Protein chains: 4
Amino acid sequence: MSVDATWVAVVGPGTASGEQAAAAEAVGAGLARAGAVLVCGGRGGAMEAACRGAREAGGTTVGILPGLDRREANPYVDVAIPTGLGELRNGLVVRAADAVIAVAGEYGTLSEIGFALKTGTPVVGLGTWELARGGERDPGIVVAADPADAVDRALALARR
Amino acid sequence: MSVDATWVAVVGPGTASGEQAAAAEAVGAGLARAGAVLVCGGRGGAMEAACRGAREAGGTTVGILPGLDRREANPYVDVAIPTGLGELRNGLVVRAADAVIAVAGEYGTLSEIGFALKTGTPVVGLGTWELARGGERDPGIVVAADPADAVDRALALARR
Amino acid sequence: MSVDATWVAVVGPGTASGEQAAAAEAVGAGLARAGAVLVCGGRGGAMEAACRGAREAGGTTVGILPGLDRREANPYVDVAIPTGLGELRNGLVVRAADAVIAVAGEYGTLSEIGFALKTGTPVVGLGTWELARGGERDPGIVVAADPADAVDRALALARR
Amino acid sequence: MSVDATWVAVVGPGTASGEQAAAAEAVGAGLARAGAVLVCGGRGGAMEAACRGAREAGGTTVGILPGLDRREANPYVDVAIPTGLGELRNGLVVRAADAVIAVAGEYGTLSEIGFALKTGTPVVGLGTWELARGGERDPGIVVAADPADAVDRALALARR
């Protein structure tokens with residue numbers, strides 16, 4: 001089943017503002033409606049909002065957890081994988097995905113963006129990090145206008 | 001959903017004899033009928049047979065893959081997680097499980113048995129490794145009489 | 001010996017311009033003169049230049065490699081650890097360090113910066129990524145004026 | 001320097017009897033005299049005894065640690081790499097080595113033996129696990145007569 005689906009990682013802060021959570025939830029719902037599997041770090045904030053959106057739209061959600069206890073997953077995770085890898089599990093979230101949508105984001109999100117871009121996984125951003133070097137904006141993150149646009153772009157760019 | 005279920009890892013050789021495959025398939029079916037999630041390394045042999053048994057009995061199967069391509073999963077894996085960790089992913093298979101059933105087994109299975117016993121995850125064996133030190137049998141692996149017995153024992157011993 | 005030393009990770013691009021290599025080499029030399037152990041990803045570019053600088057100043061260099069063959073290390077690595085983790089080894093480079101100096105940098109460097117900032121390891125930057133959110137510069141990376149300043153700041157901030 | 005050396009992992013229990021510690025120490029000393037780098041899990045028991053033997057014979061010792069603090073290394077480790085991977089670091093100890101010597105051993109040692117044999121790294125045993133399947137002894141572990149013999153065999157079999 002899920003082997004044939006497109007997998008999209010939703011990465012974002014573990015504590016989210018109302019606006020960030022609403023955006024993540026809309027992204028999750030959009031992915032579910034498109035038949036994509038949502039994979040994330042399995043915890044709270046943007047991850048939980050995205051899972052809730054996906055679940056309510058009938059989608060499948062996978063959480064790759066930093067700790068060793070499956071019960072640390074948010075309640076909208078269908079399949080929770082405890083890893084005991086701490087923040088290193090961020091790399092596994094990215095490796096499990098065909099594309100990444102970054103919603104807002106703290107430093108953990110930055111590590112996921114870097115890892116994805118390094119390994120050739122497309123990254124779509126929604127109110128997330130702005131990257132520059134030598135004063136020049138880096139074009140790696142595809143900037144989306146809104147949640148629906150983020151979903152469309154991620155699915156169009158997904159590596160498969 | 002799967003967060004509340006018991007997760008049992010089925011570990012065994014990537015190339016299985018007919019008898020080994022039949023045992024693994026019966027184990028997978030038994031786990032599914034008991035409502036457990038089956039997690040494994042996602043490849044062929046005993047892993048594929050166990051997934052087939054679980055799938056045909058209506059269960060959920062998770063494969064944690066050594067490589068980077070979800071499509072290396074056997075066709076009976078519902079949720080395939082590519083890791084790129086090679087054989088190190090064996091440790092993640094064990095960490096994802098509340099108990100382990102070893103069906104037959106080569107050296108990879110041995111590493112999973114050692115990792116599980118080291119970390120306190122119960123191991124039930126079905127025609128698998130026999131461990132001794134100083135000529136004395138080690139009692140770590142609980143020996144099952146047949147697939148149904150292996151399922152019963154694993155569920156009874158599962159850490160939760 | 002090295003257990004009591006301060007360890008500083010030098011992260012940067014695997015292919016470096018002459019100016020970037022000169023900066024990395026000066027950073028490596030400065031760390032060695034201060035008695036710090038230099039840890040890096042063990043490959044070419046900024047990593048190799050930093051190791052060369054440290055080695056020529058009598059320091060110790062550790063390379064944590066993405067592949068499985070120790071011989072993929074650059075010739076100035078004293079202790080080469082093959083991991084087979086691919087780019088996930090970036091997280092181990094950071095975990096091995098008390099502070100991080102980022103010299104220039106591509107996306108892999110970005111992942112290391114994010115991972116370090118997420119886990120509370122100080123990051124000093126020399127011509128590296130400029131991070132912002134909502135148009136506002138993020139203060140996580142401590143900007144150094146030159147290689148000597150980068151070394152001084154990293155050693156002053158190192159977690160120990 | 002160490003890139004050209006043969007690396008041998010010494011694996012064994014974190015708590016060792018006097019006899020086991022003496023064997024591990026002699027193995028460490030023998031490896032150092034032969035110019036090999038000793039890599040281990042960096043903790044106590046057989047690991048500490050092996051490092052002590054190697055250090056006293058002028059060798060180099062590397063410890064790949066389960067936790068995040070370099071200071072959890074035993075005092076005879078020259079180069080300590082904290083990983084935060086818990087028991088998964090056992091796989092990295094094996095990946096860093098050209099051959100493995102198992103001295104006595106608990107379940108963690110068993111996981112390292114399985115991982116090494118699975119990945120084609122020779123394993124020499126000294127009073128360690130005895131492996132069988134279907135009542136038949138498995139020939140994977142090369143049994144050594146004493147510490148000097150273990151060192152000789154490991155160096156002769158080392159993959160390089």
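Two strands pair if DSSP finds at least two bridges between them. Strands (E, at least two residues) and helices (H or I, at least four) are DSSP runs, numbered from the N terminus.

This is a predicted model: local features need pLDDT of at least 70, side-chain atom pairs count only at pLDDT 80 or more, and totals for chains, interfaces and linings use all residues. Residues are numbered from 1 along each chain as its sequence is written, chains are lettered from A and ligands numbered from 1 in the order in which they are written, and side-chain values use heavy atoms, with hydrogens and water left out.

**Stop 1: between the chains.** Find A:Leu131: its bridge partner is C:Leu131. The open sheet of four strands reads 8(A)-7(A)-7(C)-8(C), with antiparallel pairing.

**Stop 2: strand 5 of chain A.** Select residues 99-103. Five of the five residues are buried (under 20% relative accessible area; 1.4 Å probe, protein chains only). A:Ala99, A:Ile101 and A:Val103 point one way, A:Val100 and A:Ala102 the other.

**Stop 3: its neighbours.** A:Val11 stands opposite A:Ala102. Next, select strand 6 (residues 123-126) of chain A. Strand 6 also pairs with strand 5 in the parallel sense, over four bridges. Here A:Ala102 stands opposite A:Gly125.

**Stop 4: the crossover.** Follow chain A from strand 5 through helix 4 (residues 107-118) to strand 6: this β-α-β crossover is right-handed. That is, with the strands pointing away from the viewer, the path from the first strand over the helix to the second runs clockwise.

Terms used:
Buried means under 20% relative accessible area, exposed over 50%, partly exposed in between (1.4 Å probe, protein chains only).
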